[in-house]
Amino acid sequence: MAEQKTITVKVKRQDSPEASTRWEEFEVPYRPNMNVISVLMKIRENPVTTSGKKTTPVAWNMNCLEEVCGACSMVINGRPRQSCSALVDQLQQPLTIEPMSTFPIIRDLQVDRSRMFDSLKKVKAWVPIDGTYDLGEGPRLPERKREWAYELSKCMTCGVCLESCPNVNSGSSFMGPAPLSQVRLFNTHPTGAMVKDERLNAIMGDGGLANCGNSQNCVQACPKGIPLTTSIASLNRAATVQMFKNFFGSDHMVD
């Protein structure tokens with residue numbers, strides 16, 4: 001009988017936020033069209049290292065498995081990406097899997113993405129609607145705006161753009177590309193624009209636009225191909241106008 005083909009996987013592990021890190025190596029049976037999530041599930045079924053040591057199952061986050069929820073972000077072969085869409089047949093082996101380093105570790109491949117969600121709260125990344133009753137249809141966007149606004153709406157808060165950005169780290173307060181792009185999205189929405197000034201003021205201070213170094217790593221890393229640096233450039237123009245409004249004062253919204 002032909003020998004069963006296997007995949008060698010190296011996983012960076014950490015039992016708790018305070019624990020030290022370690023690497024563990026596993027071998028799992030290969031089958032065509034496996035993704036990295038499938039590999040981790042095989043390890044969970046039989047958590048034994050290549051040296052024969054019994055260990056604990058690897059912990060990671062996942063949800064939709066369709067590259068929509070953004071929960072399964074991790075660093076695979078040195079590149080931050082979604083593990084559900086990372087196919088083993090397209091990856092160099094042995095596989096190396098690590099947690100994203102931008103966010104605090106919870107356990108193994110699980111990270112705390114609160115930093116990103118707190119930034120979304122800071123910039124009011126939602127459409128303000130008073131009440132839950134039926135308000136009817138809202139104002140419509142012109143088609144030319146709707147097309148690119150739809151591209152920005154694809155953001156799944158996966159955190160990959162923050163992981164790839166050199167300006168997002170433990171020593172920096174920079175909120176990162178994703179929250180900034182959401183400011184542009186919601187400021188474009190006819191109803192969301194009611195608090196346009198508040199969003200712009202939120203990104204004009206510490207941790208906002210001025211902290212972007214324009215490395216453009218985020219555009220290369222984004223799994224949805226969102227034009228993040230285009231959004232940041234647009235926000236720089238809008239923030240300049242907002243700065244003059246703040247200085248001279250205005251009783252009316254100025255577009």
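This is a predicted model: local features need pLDDT of at least 70, side-chain atom pairs count only at pLDDT 80 or more; totals for chains, interfaces and linings use all residues.

Reader: Okay. How many residues does helix α5 have, and how far does it reach?

Author: Helix α5 covers residues 177-188, which is 12 residues. From first C-alpha to last it reaches 17 Å, close to the 16 Å expected at 1.5 Å a residue. The expected span is 1.5 Å times one less than the number of residues. Helices here are DSSP runs of H or I with at least four residues, strands are runs of E with at least two, and both are numbered from the N terminus.

Reader: Is α5 largely enclosed or open?

Author: Largely enclosed by the rest of the structure, because 12 of its 12 residues are buried. Buried means under 20% relative accessible area, exposed means over 50%, and partly exposed is in between (1.4 Å probe, protein chains only). Among the buried residues are P177, L180, R184 and T188.

Reader: What covers the buried residues of α5?

Author: The cover includes α2 (114-122), α3 (143-152), α4 (160-164), α6 (196-203), α7 (217-221) and α8. Contact means heavy atoms within 4.5 Å.

Reader: Which residues touch the most other members of the largest nonpolar core?

Author: V123, L162, L180, I203, L209 and L235, out of 33 residues in that core. α2, α3, α4, α5, α6 and α8 each supply at least two of the core's residues. α5 gives the most, with 5 residues. A nonpolar core is a set of buried Ala, Val, Leu, Ile, Met, Phe, Trp, Tyr and Cys residues joined through side-chain atoms within 4.5 Å.

Reader: What is V123 in contact with?

Author: Leave aside its neighbours within four places in sequence. Then V123 is in contact with M175, P179, V183, R199, A202 and I203. Apart from this core lies another one, of 24 residues, including M34, L40, C72 and I76.

Reader: Let's do strands. Which residues of β3 are buried on each side?

Author: In strand β3 (residues 73-76), S73 and V75 are buried on one side, and M74 and I76 on the other. Both faces are covered.

Reader: And how many bridges join β3 to its partners?

Author: With strand β4 (residues 79-82), β3 has 4 bridges, and the two run antiparallel. With strand β5 (residues 95-98), β3 has 2 bridges, also antiparallel. Two strands pair if DSSP finds at least two bridges between them. S73 has Q82 as its bridge partner in β4. I76 has I97 in β5.

Reader: What happens in the hairpin of β3 and β4?

Author: There are 2 residues between the strands, and N77 takes a positive phi near 50°.

Reader: Where else is phi positive in a residue other than glycine?

Author: N33 has phi near 70°. Its place is the loop between β2 (22-29) and α1 (36-45), and N33 is exposed, with a relative accessible area of 62%. Q216 has phi near 65°. Q216 is in the loop between α6 and α7 and is partly exposed at 40%. Most residues other than glycine have a negative phi, and most peptide bonds are trans.

Reader: Where is there a cis bond?

Author: Between Q93 and P94, with omega about 5°. P94 is in the loop between β4 and β5.

Reader: Now rings. How many aromatic pairs are there?

Author: The count is 2 aromatic pairs. F244 and F248 are stacked, because their ring centres are 6.3 Å apart and their planes at 5°. Rings of Phe, Tyr and Trp (its six-membered ring) pair if their centres lie within 6.5 Å; planes under 30 degrees apart count as stacked, over 60 as edge-to-face and the rest as tilted.

Reader: How far apart are F244 and F248 in the helix?

Author: They are 4 residues apart in helix α8 (residues 228-248), so about one helical turn separates them. F247 and F248 make an edge-to-face pair, 4.9 Å centre to centre with 90° between the planes. Ring pairs link F244, F247 and F248 into a cluster.

Reader: Which charged end sits over the ring of W148?

Author: That of R184, 4.0 Å from the ring centre. K5 lies over the face of Y30, at 4.4 Å from the ring centre. A charge sits over a ring if NZ of Lys or CZ of Arg is within 6 Å of the ring centre and within 35 degrees of the ring normal.

Terms used: Residues are numbered from 1 along each chain as its sequence is written. Side-chain values use heavy atoms; hydrogens and water are left out.
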